[in-house]
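Here's a walk through one protein model, written for someone who would rather look at the structure than at a table. Keep the viewer open and follow along.

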Amino acid sequence: MAEEKKLKVVKVAKAEKAPKVANAVEASIDKATQEMILRAQELGIETVFDRAVTMKPCNIGMQGTCCKNCAMGPCRLPLPKGGIEGEDTRKGLCGATANTIAARNFIRMVAGGAAAHSDHGRCVAEVFMSVARKESHDYQIKDPDKLLRIAPHFDVATTVEVDGEVKDRELDEIVLEVAEKALGEWGKAEGELYYLKRAPEALYEKWKKYGVLPRNIDREIVEIMHRTHMGVDQDYKNLIKQGTRAAIADGWGGSMLATDLQDVLFGKPYPIQSEANLGVMKEDHVNIIVHGHEPVLSEMIVAAVQSKEMVEYAKSKGAKGIQLSGICCTANEILQRHGIPPAATFLQQELAIITGACDAMVVDIQCIFQNLANVAKCFHTKLITTHPIAKMEQDNVIHIEFDEHHAMEDATRIVKMAIDNFGNRGAEVMIPRHKSSQVAGFGVESIEYHLGGTFRGTFYTLNDNIINGRIRGIAGVVGCNNARTRHNEAHIQVVKELIKNDVIVLTTGCNGIACAMEGLLTPEAAAVYCGPGLAEVCETVGIPPVLHLGSCVDNSRILLAATEVVKAGGLGKDISDLPAAGSAPEWMSEKAISIGHYFVSSGVYTIFGYMMPTSGAPVFHDYLSKELEKMYGGMWDLEPDPIKHAQKMIAHIDKKRVALGIDKARERVLMDMADRQALEA
Ligand code: SF4
Ligand code: MSK
């Protein structure tokens, strides 16, 4: 009924004036997305792609120079046409300069991103604590090995001396002590974050020298909100210093804690085969889609859909089974650990419902369009919010608040609701046939295993191949889609250009899903898309040229992988010495800014596509690149053109190869320990 009503309304509207809609081919490079944009338009259902045509962004906001931090504003300081000549006299009512305003806005974005990642981490730490206290019976410690790996970083002993004999400590004791220390990271009164010492020593010393060692996670975020309040910090250098401290608290704190504790609870990822794109949905199955970021509930949903009871129940309702898939980083979490296929990137979320085959979409936190509720109204889809901090105002949205104390019960209720809804589908289901195979599930440990082997158990082989030039360098390409740019185009062009030039790519987030949709996450892709050196390494070891490391919080895995490369030797003493670069070609979220800034502060050349929200304050904008590079060795850069973007990364990688004296090494040189020591000296 709802669909009929909607269609009628649109027909009337069309007769009066055809609404402006997106051109499907210009909106996305992906065939499934193009088909579904046209399908949505045929049904008269508006999507983000159409709204991007009808609503233009604010130019001054894009430049980062609109301040609304008090009721005397908003004060808008656009860059004059032709740029600034002479002194920059622009100021807000209070006298705030363009640099102050842009820096305040920028670090508020860092605060937003760091808060999102870290609050996610806090939720995981709370579940971890409930497991440690044996208050939650649906979760267990699945990966004691990972627990033992992280415990020493919290100064938690894993052995104990009894009568002069060293014995393994009880696991329960270790879990509880790690849980207490981990939870303390959000609000401890003294000291600094434990994990900072996991960084290369040279990097830790830089942070210390510049006074940016985070004290606790919450404090750094709160301090940003204080400093950016009207009339407080009015020096862009001092403002960005606090932005740096909060970003480090995200990357080496909240995000890294989220990743580690999730690995301990749910198991660390190992390479696993799967598929990607809307074509993973099945017409004759109950389709449940989980969307958002936290794996705490989705882990339970994975268990529930695989239970014999639920599968039988689905069959009793006429379905052949249950197809679980994901969107955004909840998808990446369950992909990495269970091989559950991602159905969609960020920009395809509405399209998943428009297939008409989504029986339930279960959302948790972050990157969820409120318009999902409007789209769901046109279909039978149950849209279920599950998190107390993320509800929707529309009356068709069901809220089932998830609680770790009865996790399996909540998950089963949700799965049952989806099964009961299977019979309510309308006649017109259209699932695009497109999907691709992928091998995902990489992490620091599995890279170590694949590229180092069990004998060495380190990153030596990777380093050797970088030193001998088969692998030119390492790139972290991550981040969102943005409806202001053609969906997936920059992601794919940047990655293809990098691997063509022998740069191995580590991916997370929606870039990972985009690469999977394009078929770049298979070992076979090496022969098709890579330069000869990288192709040879991938073929020998049997890995894809693009390694999927997981979700947004798993960018912390990239930091640790880079640290392992430093430790393995031969490539300098710090992350900033490595032939490495970071990129977010289609970024959109505040989390991307926080990630970008902790990459930069960790010594990584980091380039964004689309735009930087600092361009209206040229002095501050320059400071983010030139001055930060002098301090931390990493810098911000911007390049919207994907090929030039990748080329800038390669130029940086080559610059580092020259500095390391490995620029001429294109022939394979087998290094023995003496060679390595000579290089390290
Ligand atoms: Fe304007 Fe200053 Fe108020 Fe910002 S804080 S809105 S620049 S008066
Ligand atoms: S989901 S933050 S759109 S990567 Fe992590 Fe994708 Fe960006 Fe959300």
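At what angle do helix α12 and helix α17 pack, and how far apart are their axes? Helix α12 (residues 295-305) meets helix α17 (residues 407-421) at an angle of about 60°, and the axes are 8 Å apart.

## Before you click around

This is a predicted model, where local features need pLDDT of at least 70 and side-chain atom pairs count only at pLDDT 80 or more, while totals for chains, interfaces and linings use all residues. Residues are numbered from 1 along each chain as its sequence is written, chains are lettered from A and ligands numbered from 1 in the order in which they are written, and side-chain values use heavy atoms, with hydrogens and water left out.

Helices (H or I, at least four residues) and strands (E, at least two) are DSSP runs, numbered from the N terminus. Axes are lines fitted to C-alpha atoms, for helices over the stretch in contact, and angles run from 0 to 180 degrees between N-to-C directions.

## The α12/α17 crossing

The two helices, α12 and α17, cross in the right-handed sense (the near helix is turned clockwise from the far one by less than a right angle). From α12, the contact (heavy atoms within 4.5 Å) uses Leu 297, Met 300, Ile 301, Ala 303, Ala 304 and Val 305. From α17, Ala 407, Met 408, Ala 411, Thr 412, Ile 414 and Val 415 take part.

Sorted by class, the residues of this contact between α12 and α17 are eleven nonpolar, one polar and no charged. For the classes, Ala, Val, Leu, Ile, Met, Phe, Trp, Tyr, Cys and Pro count as nonpolar, Asp, Glu, Lys and Arg as charged, and the others, Gly among them, as polar.

## Two open sheets

One open sheet has six strands, in the order β8-β7-β6-β9-β10-β11, with parallel pairing. (Two strands pair if DSSP finds at least two bridges between them.) β8 (342-344) and β11 (397-399) each have a single partner strand, so one side of each is left without a neighbour in the sheet. On average, neighbouring strands here are turned by 30° against each other, direction ignored. Strand β7 (residues 322-327) pairs with β8 over two bridges, in the parallel sense; Gly 326 has Pro 342 of β8 as its bridge partner.

Another open sheet, also listed with six strands, runs β15-β14-β13-β16-β17-β18 with parallel pairing. Its edge strands are β15 (546-548) and β18 (635-638), which each pair on one side only. Neighbouring strands in this sheet are turned by 25° against each other on average, direction ignored. Strand β17 (residues 605-608) and β18 share four bridges in the parallel sense, and Phe 608 has Leu 638 of β18 as its bridge partner. Helix α25 (residues 590-601) packs on the sheet and touches β16 (580-584), β17 and β18, its direction making about 155° with that of β17.

The protein is divided into domain 1 (98-266), domain 2 (278-424) and domain 3 (436-660), with bounds from an automatic or database domain assignment. Domain 2 and domain 3 have C-alpha centres 31 Å apart, and their contact takes 16 residues from domain 2 and 24 residues from domain 3.

Which domains supply the shell around ligand 2? At least three residues come from each of domain 2 and domain 3. In total 13 residues surround ligand 2 (a heavy atom within 4 Å), the closest being His 293, Cys 329, Cys 367, Cys 510 and Cys 552. Helices α14 (328-338) and α21 (509-517) are the elements that give two or more residues to this shell. By class, the shell around ligand 2 has eight nonpolar, four polar and one charged residues.

Around ligand 1 you'll find residues including Cys 67, Cys 70, Cys 75, Cys 94 and Arg 104. This shell divides into eight nonpolar, three polar and one charged. Gly 73, another residue around ligand 1, is joined to Pro 74 by a cis peptide bond, with omega near 0°. Pro 74 is in the loop between β1 (66-67) and β2 (75-76).
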